[in-house]
Structure formats: structure tokens, C-alpha cells
Amino acid sequence: MFTETRLTQGVRLYVRRTEQFKTLTFSIRFKQPLTAEGASERAVLANILEDSTEAYPSRSALRQALEGMYGTLYYTDVGKRGGYHYLSVNAECVDDRLIRDEDITDWTVRLLADAVLRPNLEDGVFKQQIFEREKQTVLERVRSIYDDKTRYAQQRLLTLMRPDGPESIRATGEEVFLEALTPEKVMEAYRRMTSEDEIEIYVVGAVDEEAITASLKEAFRFEGRVPAVQPEKADRGTGREGRVSEKQNMKQGKLHIGFSTPVMFGTADFPKMQLANGIFGGFPHSKLFMNVREKESMAYYAASSYLSRYGLITVSAGIDADLADKATKLIDEQLAAMRAGEITDTELSQTKAMLANQLREALDSSRGQIEIFDQYKDLPGGFTPEGWIAKWEPVTADDIREMAGKIDRQLVYLLSGKEESADEKA
Amino acid sequence: MKKLEYSRVNETLYHETLPNGLQVFILPKSGFSKTYVSFTTRYGSIDNIFIPLGKQEMVRVPDGIAHFLEHKMFEKEDGDVFQKFGMNGASANAFTSFTRTAYLFSATENLYPNTELLLDFVQAPYFTEETVEKEKGIIGQEITMYDDLPDWRAYFGTIENLYREHPVKIDIAGTVESISRITADHLYECYHTFYHPSNMLVFAVGAVDPEEMMSFIRDNQAAKTFDQPERIVRQFPQEKMEAAVKEGSLEMDVSKPKVHVGIKLPALADEGLEGLKQELAYQIMIDLLYGKTSKFYTEAYEEGLIDESFSTDFTAEEGFAFSVIGSDSAEPEKLAQKIRDTLEWASEKFPFGQDDLDRQRRRRIGFFMRALNSVEYIANQFTRYAFNGMNLFDTVTALEALEVKDLQDVLVPLTDEKARTVFTVKPPANGK
């Protein structure tokens, strides 16, 4: 899919030349082992890098320049995958050929290099005022999860199940570490990021591969580096088991159930487990949707997700809290049915077709191409979409039965309304 | 079949109106693996008073019925339509807005079986009292889910306060009470009135051969019989431009208050290019007042009055238009005041010039080009514009025709003090 070029040790460039889009998409990803403190530093760093640069030293100056460049998108982001944290610096600009009067691509490459290499500093550190404001912004983002009860419940489930693992660390950091940050600490995180992190640069669009490679190489000139590796933890942590119920002022009950599985990303069983999750609750034809929603009318949504990097499957459903036990039982029954081998040929072929469609469809956006390739590229044997789809093809009902046997319920978490709101129910 | 070339954006659109009145548009996109096909009726949550097909008298149907009908279309005598799309590897969905109900799928295989399934399931209603009753549990949970979403409540609370009677003030899904009154007969009545092909539009975009697809849809429709089309008579209340309620609030379990300023606006004056120009003028004016490079945004962000949740919205459909501006804010009164002050400041002496317009114009042209990467955007927005008598592909032409005068014109209704409301979602007074 992508042409790979090693720019220097620890820095790789991936280019995909395509006429599919009217824009060029750039993403520069900095990768380091995930810790709560590091994530906090980098979440604020990402915001500071998005605010301004040396050349455009205020938020409005930078944003005005972007507007003038036909609304070139420029943003930073943080995320996590397995035991690693990612800070990405991204841009998307209109293909020059559609506009004619400007050299937008060159401008965008220069902007990205400015953002990464020539930030907006004062006496060698980030400006106090910008730092304070962005720290506040990240703190507010972290706190606002409280307002989104579904996300809050999912985060609580992960924290309860894996209190010490990367599963429960948020990519945007944690309040206690964010509060303790200083401009100097974030500056130090910036230095480490640019000199020590593993870097992957992605470009998608109608580019000349050689020209863009030369221009990025010239613009960035990163030094070689030996990326840090997250030590494998043998102990997966001892989180809570059984049931936990918590109350907030709300109407709907948020039922989140966590299952653990030894089948991880990249193992031989991984494609089979993707299918098993799809049959369990991944699609509108799945067992959860058909039984919890359609047959029992208990929920608007009832779905499962496979967090393959963490060996977890989580189920979430929005229900009337009084029916939590009934819903839990119903969800258990779906898994029990799978363990008993109750998987029809229809379910199996639907799920294969849907997974294949989902993968091919995701590749119809430039960001999707980058995300999917980046996720799968290090698998043994490399990655092509059709190659991966071929791995689902031979999976049988018997394989699914076996996979279902490797999914163990660990924790049932229910977030629901306080007693006094019970009379509001219709 | 008509072929329409849009050379500025490098796209070719194919169009035909079928004998039964159905509008079909096809836009092939090279390099795409998927095809996105939507089948939309010009019928949404606001269409609650109308003369049913073949009748003489106006009826009023329960709130939330268009959305309820959308859910029920997926259930047939022989099972669930999602199952069939699943067999064909297509991901199917539907949504209901104020003025439209859309059914759609996207697929990378089995394009024609999926297209047939889409056309056939939307054109074969099947409702029984039993299945209608069963759906009430599911939609009841959907409504309850939205009840717990503070951003949704703040947005709808604002619209609700802007309007005295217009049904845009009613939540699209209705209430648990209103949907309890829905019967299978209601659904058939709405279906027969609003799902006539002459009130509908098909858009296919992505990996598709226009000749083949057109002839497939043509044959599919020719094999079905429909009543003669009748003009649909809907009734909407007259609204004054004044906001119904000036101020409102709601307590919810949130970490920080949310405040929204709503502005009730006159519906767009024209269709076609003029209408599109006016809509873009509103959008650009709102960006100049509140966008990321505005004086307001720069100050409010630095003062900590707004955060990343800050947003502006402009909605215009036939018969109504409004704008909502808001954010999470520790100081909701101060923020609401600043949003209002910005309007006073702009109306005293028009603060923007040709440079500002040129920059926003460029930004919008770029935004439009980028949006054309998305097949979903193309189908949904094209359909929306078509139902409002406009053409999505006129966007660049309309942007290039805009003058500073057009911005000045739309500032007048935006700054009408009587047309405003402020709505706040507050954490409980006694703490969490």
C-alpha cells in the first residue's frame, strides 16, 4: 500500500500515491512507551504545538494563514495503542492542481516542519501564558468525560479491571500529573520527543514520491535515534472481579461488562477472535443486537468491542437500570450459545462479509488508509487488505466455539441514576 | 439520462427523473472501493400536520412519528432488513432530521443486490400493532439515552425556547409519552403520504457505473405500481421573528455549565444560486464573528470563557433558520454576555472588509474540495440542497459571487435583539 523509506535510524517515511482524493494528507507520529505522566506532558505539548509557531506566533496569526491557504487543516492529536503513546502532527491541504494560483503543498510541508522544529518559544521555553492556557484546556478535556456517561462508564470499567495497566491510562493524561506540569517539564518532553522518539511520517495523495521524499527529508533532517521499548509486563494486573454499581444523576442505566481473553493482537488466533467478536456483538446482525435489542426491546444499543492490544472484550448497553440483571443474563446467554457451538452458517458468512466491507470501506479515506496500515504494518508478513481478508475466509464455526471458550467474564459494571429519579421513569 | 460536468471540481453528475417522479442522481468517483447509496424522502420531524393522501382534512400525528417510521421500515414479515444487508456484506443505516428521512447503505461488493434491497425495503411497508408496540421499548431507550446527553439537551433546549409553535422545537424522536400514542394506522398514513417516489431522491456515489446503475434503478421502479402523485399539503404555524422565551436553564449532572445563545433567523429568501449565496453568507458571517480567527474567539479563549467544546451552528431549511453559539464555560453569564456584545459591536459599525471576505472565501473553497473526498458528504448534502431547490455543485460559483454587501445583509437579522435566547445547563446547586 505504502512505499517505505528509512530516512535515518528510527525515522521512517510512508508514501501512498493516489489520485483518489482532492487533498494531500500528512501525519507525523511520535511514539513513546505509555505512562500516565508522559501522556499528561504530551497532551499539553500537543496543544501548545497546535497553538502557534515561531513564524506564526499567535493562535489567530496561524489560523489566518491557514484560512488564506484554502483552509489547510492543521492539528495535533494524542492517542495510545497497546503500551505506547502517540503524539501526531497532522495537516491536510487541497491538491495544488485544483487551485492553480498557489503552491499549497510546499507551504504545508514548511508549516509542519516549523511546527515540529521551530515552536513558539521565549528564552528557550514555551511561553508561560500559552502553557497555562493549554494546560487548562487539557484539564478541562480530561474532566469533561464526566459529562458523557457512556465514555465515563467505559473508562471506569477499564480502570477497575486493569488499575495499573496501560488499558486504564488515558492518552490525554491524568489530572494529578497535569496539575504538576511546568513549561520546563513540557519543554523537556518536547526535546525527548524530537530527539528520542520513534517517528513515522505518512503522506497520502497525488504526490510525486521522489519529490515529496526529498522535500520532507530536507525540511526535517531528524537525527538517528534508538527508540525506547515498553518492557512487557508478565503480570496483567489484578483488577476487580464480580460486580460494581455506581450512581450518578442520570436516567438511563449504562451496563458495561468486561471480559478478558488471552488472544491478543498479532497472535495466530487473532483473526478468529475478530470474527468471534463480530458474531457476539460487532454488527447489527450480531447476537447482542438481535437478542438484547430486537427480541427483548431492552436497549437501543447493545454492542461488543475487541480491544485486541489489551486482551479485552467489552460489552456496552444502555438499558433501564431495573433490568440490569436480566440484561446481564441475556448477554451471558449469547456467549454461552457461542461456546455451545450455536453459530449458524449465516452468522458466520455475514460477519466475514461485514468485516471485509468494513476494512475496504475504511480505506476509502486518507486517514483510514494511514490508521489501518499503521496498525497492521508490523505484523509478520506485512499487510495488504486482501491478504488480511483472506485470513478470515477459512475460519469455521468450530473455531468460533473455541474462541468463545477463551472469553471470560471478569467484571459487570453498572452506572445508573440515583433513587430519587426513579419516579421520573415512564 | 442527463450528464452534468463540474470541471472546477473535476466531477461528473448523472441525473434522470423517472416516470413515477423519482429523482435519481449518480456520481462515479474513481479510486473508491465502496459505493454509497441513499434513498431519501422529503419528510422529517416537522411534518406533523398535513392532509393524508386521498383525504380532505388536515390531521395532526404524534410527535416523533417520522423517526418511529424510519425504525419500523427495517422490520418485515420475513425478518430484519439488517440481516439481509449483512448477508451481502453491506453496512446499512438510516437517519431522520427535521425535514428528511434517509435510508442508506455502503458496500464494496454486491452493489446491485444491495441497491435492490434498499429500493425494495423502503417501498414495501409492513407494520402490525404488535411490532409497533415492541419498537416503543427500543425507541424509549434511545430517547432516554439522549436525555442523558447534556450537549444534546442544551442544543434542543435552545431551539425549544426560540420557537413558540413551529414543530422544529420538538425533539426529532418525540417523547416517551408521544410515541406511546403511535399506531400502525398512523404509520401507514404517513408512509402513503410522504413515501411516494415523486417526493423522494436516490443518490449513488463512489464505485459505480452510471449507465448500468441508472438502468437498474429504472427497471426496478418500472416493475412497481404507484398511485398518481399528488401535491402534498403540509401546514406550519406562523412564527414571529421574536424568540418565544428569552432565557432558560436546566440542571444536569455535568462537571461544568454549558451555555448556548440561539438566534432565530428568517428562512432563506430564495432558492437556487441566490439561496445558496445567502446560506454561505450566513456561514461566513458567523465565522467572522465567532470563528477561530475572530476577535471574540481570541479574547474568550484567552480569558478562559470558552474551551474546546466551543461551537457554532447554522441551520436553514425550507421555512425556518437559526443559529446556535455555545460552549462549556465556568462563567456562563459572562460568556453569554460576550456573545451578545459581539453582535452589538458588529452592528454598530460593520467591522469586516474585502480581505476578511476573501480569506473566508478561500477557506470555504478548500473546505468544499476536501468535503468532496467523502461520499457520505456528497450524497447527504446534495440531497439536502436538492430538497431546498439548490445545487451542491454550485458552491464554488456562489462563493465567488459573494460580496461584502451580502455579509452586511445577513448581519441585520443576526443582530436582532428580540430574536435571541440564552439557554444554560447547570450542575445541581447542591453539588454532585
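A residue is called buried if 20 or more other C-beta atoms lie within 10 Å of its own, exposed if 12 or fewer do, and partly exposed in between, with the C-beta atoms placed from the backbone.

Now the housekeeping. This is a predicted model, in which local features need pLDDT of at least 70 and side-chain atom pairs count only at pLDDT 80 or more, while totals for chains, interfaces and linings use all residues. Residues are numbered from 1 along each chain as its sequence is written, and chains are lettered from A and ligands numbered from 1 in the order in which they are written.

I start with chain B and its strand β1. How many of the five residues of β1(B) are buried? The number is zero, so β1(B) lies largely in the open. Two strands count as paired if DSSP finds at least two bridges between them. β1(B) and β2(B) run antiparallel and are joined by five bridges. One of the partners to look for is E11(B) in β2(B), which is bridged to Y6(B).

N10(B) is not a glycine, yet its phi is positive, about 60°. Is N10(B) buried, exposed or partly exposed? It is partly exposed, because 15 other C-beta atoms lie within 10 Å.

Y70(A) belongs to the loop between α2 (59-68) and β4 (73-81) of chain A. Y70(A) has 25 other C-beta atoms within 10 Å, so it is buried.

Next, a sheet in chain A. Five strands form an open sheet with mixed pairing, in the order β9-β13-β10-β12-β11. Which strands are at the edges? They are β9 (242-248) and β11 (302-307) of chain A, each of which pairs on one side only. Neighbouring strands of this sheet are turned by 15° against each other on average, direction ignored. For angles in general here, axes are lines fitted to C-alpha atoms, for helices over the stretch in contact, and values run from 0 to 180 degrees between N-to-C directions.

Within the sheet, β10 (residues 253-260) and β12 (residues 312-319) of chain A pair in the antiparallel sense over eight bridges. G258(A) has T314(A) in β12(A) as its bridge partner. Helix α12 (residues 324-339) of chain A packs on the sheet, touching β10, β12 and β13 (408-417) of chain A, and its direction makes about 35° with that of β10(A). Contact, here and below, means that the C-beta atoms of two residues, placed from the backbone, lie within 7 Å. Another helix, α11 (residues 287-295) of chain A, lies across β11 and β12 of chain A and runs at about 150° to β11(A).

Now the domains, whose bounds come from an automatic or database domain assignment. Chain A is divided into domain 1 (3-220) and domain 2 (242-424). Taken over C-alpha atoms, their centres are 30 Å apart. The contact between them takes 20 residues from domain 1 of chain A and 21 residues from domain 2 of chain A. On the domain 1 side, α6(A) gives the largest share, nine residues.

The chains also touch each other. That contact takes 53 residues from chain B and 56 residues from chain A. Which element gives the most to the chain B side? It is α12(B), with nine residues. By class, the chain B side has 15 nonpolar, 19 polar and 19 charged residues. Nonpolar covers Ala, Val, Leu, Ile, Met, Phe, Trp, Tyr, Cys and Pro; charged covers Asp, Glu, Lys and Arg; the others, Gly among them, are polar.

Last, confidence. pLDDT is the predictor's confidence in each residue, from 0 to 100. Chain A averages a pLDDT of 94, and 97% of the residues score at least 70. Over residues 420-426 of chain A, pLDDT stays under 50, and the model has five contacts beyond four places in sequence for them. Where pLDDT is low, the predicted coordinates should not be read in detail.

Notes. Helix = DSSP H or I, 4+ residues; strand = E, 2+ residues; numbered from the N terminus.
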